[in-house]
Amino acid sequence: MQLKEGEKEQILSCVKDVLNKSSKKREDLIPILQKVQAKLGYLPALAMEIISEGTGVSGADVYGLATFYNQFRLIPPGDHQIKVCLGTACYMVGGDITLESFERRMEIKEGETTSDRRYSLERVACVGCCTMAPVVVVDDEVEGKVTPTRVDGIMLALKNGNDQTKDKQDQEQEDGEQQ
Amino acid sequence: MSDPNPQELYSKMLDEAKAEVVSKEGKTRVLVGTATCGVSAGALKIKEDFEREIQEKGLDADVVEVGCIGHCYAEPMAVIAKPGFAPVCYGYLDDGLVHRLVEDFLDGDDPSYEYALAALERNDVFPTFEDFPRGAYEEKLILENCGYINASDIKSYIARDGYSALAKALTGKPEQVLDEVKAANLRGRGGAGFPAGIKWEACLNGGADEKYVICNADEGDPGAFMDRSILESDPHLVLEGMVLCAYAIGAQKGYLYIRAEYPRAVWHVQEAIDQARDRGLLGSSILGSEFDFDLEIFQGSGAFVCGEATALVNSMEGKMGMPESRPPRLASQGFRGKPTILNNVKTFAYVPFIINRGADWFKEIGTDDSPGTAVFSLVGKVTNTGLVEVPMGTTLRQLIYEVGDGLPNKKEFKAVQIGGPSGGCLPESALDVPIDFDSLHDAGAIMGSGGLVVMDEDDCMVAVARYFLEFTQHESCGKCTFCRLGTKHMLDILNDITRGEGDAETLGLLKELAEDVRDGSLCNLGKTAPNPVLTTLEYFYDEYRAHIEEGRCPALVCRDLILYYIEPPKCSKLCNVCVGSCPTEAIFTREDGLKEIDQEKCVKCANCLKACPPEYNAIIKLSPPLLPPEKEKKAK
């Protein structure tokens, strides 16, 4: 995914900041990656390169860690993150159907972000409220007993609600560019 | 340096804590369960509602956050402890009910028993949890404090005699701790059941000046949440157990390896570590003794294989979490090459009880070979889901039908899956197997870390085996060929079967491959990955055959083998609910007014089935996916 304007500088300063506060030892590598991801939301290739240089661990090893562990993501999250639980309890009552419905509506696959970076979709192992299965976490809100109809409702609410401000901003930006 | 006696220092601490807790208990308290399970059901909102209502009424009452009481089916829950009344637990809370309770019970004097689940203390008016069938089987030991104490307040733990085992141990010799744990035959609760005492002894004798104690809280099983609940509800219990272990083996440094996906657990444990350090229960010269020990959290990044001991250590050293061949065992060569003790959260949680009450007391609970209790997260098709603790030796039938109150919706029991992706599926005939490490192993399942999923007639065992295998296949670290490629190939075969493809030889091949993966893998992830497949093949062979030979899924689950069909005689021409519910616009109204599903467009999401009003109940699933003949005639 293409870096946005100003994103490169943001990555550079963030990674340098984290590296300066760590011991730069191999043992610190996972905590470093965790901190960078906590700040940026994901691990851009650029960040992994700087971490590799800073810690002296080969780039292949850093990338190896980032891809080995489920926690790390290599593409930026969307403005709205949707996590579909596919733990045992959710799976048994049709969590996969919910995931499919989201994939259909958002036109992306699980683990991806829409090209406008508005929405991202992922599956998670268990969010710990098995009694409300199937469960979806929309941003930080837990939605229980989700059906494909509810998926449409969730998407509609996200489009109409929070995105109105964003649409406005985009519109203003476009207007500005036109002028 | 004068030698202050740990026991004296502790008694002072205990008196202070008790005095404070007693003064707090003098006024009305509302305890809201805010472990992750409660929070996801809306407990934080409930807490705010209570606070707001109490403030509006100008009442004098405290709202306190506590952990998980274990009755997850009724979340969000709260306990109201009002002086003069036995504490009462309320479930299924919402803002209306909160308003009611504040008005009637907190402001008035009516405990509104019609909304109560149970009382927490014996009284003449309302039954307690112990009075229900579940109470007859449950024996709460390490869950004793969960949901009753404030996890963010160390005094709340100390007032219940917390850290007394540590004070007792520090007045004696380290060997006494080790001897007691050995004598108690405490078996590791991570799943394998290796005796903790023997592990500790090996580590003690491992020489070396530096030793480590690590707590494995990398609970990765989908559908298991015991360790998380304990850490969120009673973190000090685990810390105390770890300090005792460190004292026994002479370690100076310990780590808690907690999944980063458990932010609340990480936060509670960090808070607990800080508070314990402030009071001299961690850090240098603990309770005035010469013993130093400190704890730190390492956040695991989410890899199921890191539950394996050597993989976990590799991950802490900043490498990929791949297992190593053993020996050398961790007890002689572990973290940073030093002797290391790695035990599960629950294993450590038992230690303070064993030190306080003695090995003989511990051995009286449970069975001869597996003393103590077992903690399960009971989920799936069972009425009372939640966190339960029963003595070892309880049968699965008692656990599911008495503690869990059976299956909901009058469905037929089909199988119970124990031990997560590494465990097996046991059928009705195995329900009288007692729960202990060895009996479960003999039945083909494993104790695992304690996930227990109940399945009913609507669950397809092939699909269940496929689900678990997909999980282990994805989590395989890729080191051993059989685990890396064998599980992939097994998954391909299972995918074929769920699509109705496959022939007479398929099942033989699947079984052979499963056995090879079991035998050809280094660590327990690979060794146990075939368990769900092997047990379902053994107990539910007919279901596999129905898929392959008849193209039929008996439980009507596998989507390539079913179709949705609207029965014309049952369909009401006046109702349009299914048409609106379909996400792909596959349902249309025919010329004669009845509804029909366009099978090409249908994605089999079951939405219409749920939407169709119960008085018509016109939509059914058919397997094999063939439209009934009279239907086809009409279409022509």
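Packed helices, a sheet and domains

User: Why are H11(B) and H14(B) called roughly perpendicular to each other?

Analyst: The axes of helix H11 (residues 235-249) and helix H14 (residues 345-357) of chain B cross at roughly 75 degrees and come within 7 Å. Because 65 to 115 degrees counts as roughly perpendicular (under 35 is roughly parallel, over 145 roughly antiparallel, the rest oblique), H11(B) and H14(B) are roughly perpendicular. Axes are lines fitted to C-alpha atoms, for helices over the stretch in contact, with angles from 0 to 180 degrees between N-to-C directions. Helices (H or I, at least four residues) and strands (E, at least two) are DSSP runs numbered from the N terminus.

This is a predicted model, in which local features need pLDDT of at least 70 and side-chain atom pairs pLDDT 80 or more, while totals for chains, interfaces and linings use all residues. Residues are numbered from 1 along each chain, chains are lettered from A and ligands numbered from 1 as written, and side-chain values use heavy atoms, without hydrogens and water.

User: Which residues make the contact of H11(B) with H14(B)?

Analyst: Among them are Leu237(B), Met242(B) and Cys245(B) of H11(B), and Phe348(B), Pro352(B) and Ile355(B) of H14(B); contact means heavy atoms within 4.5 Å. By class, this contact has 12 nonpolar, one polar and one charged residues. Asp, Glu, Lys and Arg count as charged, Ala, Val, Leu, Ile, Met, Phe, Trp, Tyr, Cys and Pro as nonpolar, and the others, Gly among them, as polar.

User: At what angle do helix H1 and helix H7 of chain B pack?

Analyst: Helix H1 (residues 6-25) and helix H7 (residues 164-171) of chain B pack at about 165 degrees, their axes 8 Å apart. That makes H1(B) roughly antiparallel to H7(B). Pro6(B), Gln7(B) and Tyr10(B) of H1(B) meet residues of H7(B) including Ala167(B) and Leu170(B).

User: What makes S11 and S13 of chain B edge strands?

Analyst: Five strands of chain B form an open, mixed sheet in the order S11-S10-S14-S12-S13. Strand S11 (386-391) and strand S13 (424-427) each pair on one side only. Neighbouring strands are turned by 30 degrees on average, direction ignored.

User: How do you know that S12(B) and S14(B) pair?

Analyst: Pairing takes at least two DSSP bridges. Strand S12 (residues 413-418) and strand S14 (residues 451-456) of chain B are joined by five and run antiparallel. Ala415(B) stands opposite Met455(B).

User: How is chain A divided?

Analyst: Chain A has domain 1 (7-68) and domain 2 (80-161), with bounds from an automatic or database assignment. Their C-alpha centres lie 29 Å apart.
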